[in-house]
Amino acid sequence: MQTLPKKTPTEKKIVTFDFSSEAAVGSTLSVPVLTVTLASGAGSETDLTRGTPSIQGQQVLVLISDGIDGAQYKLLCQVQASNSEVHEMAAKLPVSVNAV
């Protein structure tokens, strides 16, 4: 699982999940779902705001904002492919007022 660069609680960032090395050539991705859990620190998963995931080619993009200083969130992205495959990718996102 990769660790994304830290963000501050006030930043809004696009997080990209790149499935190009997993998805079959020529397959189309659809139905992206992003699940957020609190990996460590104070607060809860609802403290991290996320937009609706969108698909661009073999990538899923989602706008992430807010979060609690000192918390680390686990982002799990799941997407379906036109050849019936289901792909998952996870990342950790640390939030810190000192990220700048």
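Predicted model: local features only at pLDDT ≥ 70, side-chain atom pairs only at ≥ 80, totals over all residues.

**Strand pairing and backbone details**

β7 and β8 are paired in the antiparallel sense, and 9 bridges join them. They belong to an open sheet of 4 strands with mixed pairing, in the order β1-β8-β7-β3. At its edges lie β1, residues 2-3, and β3, residues 29-40, each of which pairs on one side only.

Let me now turn to the chain as a whole. How many helices and strands does the protein chain have? There are 0 helices and 8 strands, so that the elements read β-β-β-β-β-β-β-β from the N terminus on. Along the principal axes, the C-alpha atoms fill a box of roughly 40 × 20 × 20 Å. Of the contacts with a separation of 6 or more, 69% are between residues 24 or more positions apart. Buried residues account for 34% of the 100 residues. The protein chain exposes about 5,400 Å², of which carbon and sulfur atoms supply 49%.

Next, the backbone. Most residues other than glycine have a negative phi. D66 is not a glycine, yet has a positive phi of about 70°. D66 is placed in strand β6, which covers residues 59-66, and counts as partly exposed at 34% relative accessibility. S84, also a residue other than glycine, has a positive phi near 80°. Where is S84 found? S84 sits in the loop between β7, residues 72-81, and β8, residues 86-94. Is S84 buried or exposed? With a relative accessible area of 67%, S84 is exposed.

Finally, the charged side chains. A search of the whole structure finds 1 salt bridge. In a salt bridge, the side chains of E11 and K13 meet at 3.9 Å, N to O. E11 counts as partly exposed, at 25% relative accessibility, and K13 is partly exposed as well, with a relative accessible area of 28%.

That concludes my presentation. Thank you for your attention.

Notes. Residues numbered from 1 in each chain as written. Heavy atoms only, no water. Salt bridge = Lys/Arg side-chain N within 4 Å of Asp/Glu carboxyl O. Buried < 20%, exposed > 50% of the residue type's maximum accessible area, 1.4 Å probe, protein only. Helix = DSSP H or I, 4+ residues; strand = E, 2+ residues; numbered from the N terminus. Pairing = 2+ DSSP bridges. Contact = heavy atoms within 4.5 Å. Areas by Shrake-Rupley, 256 points an atom, 1.4 Å probe, with all protein chains shown as cover.
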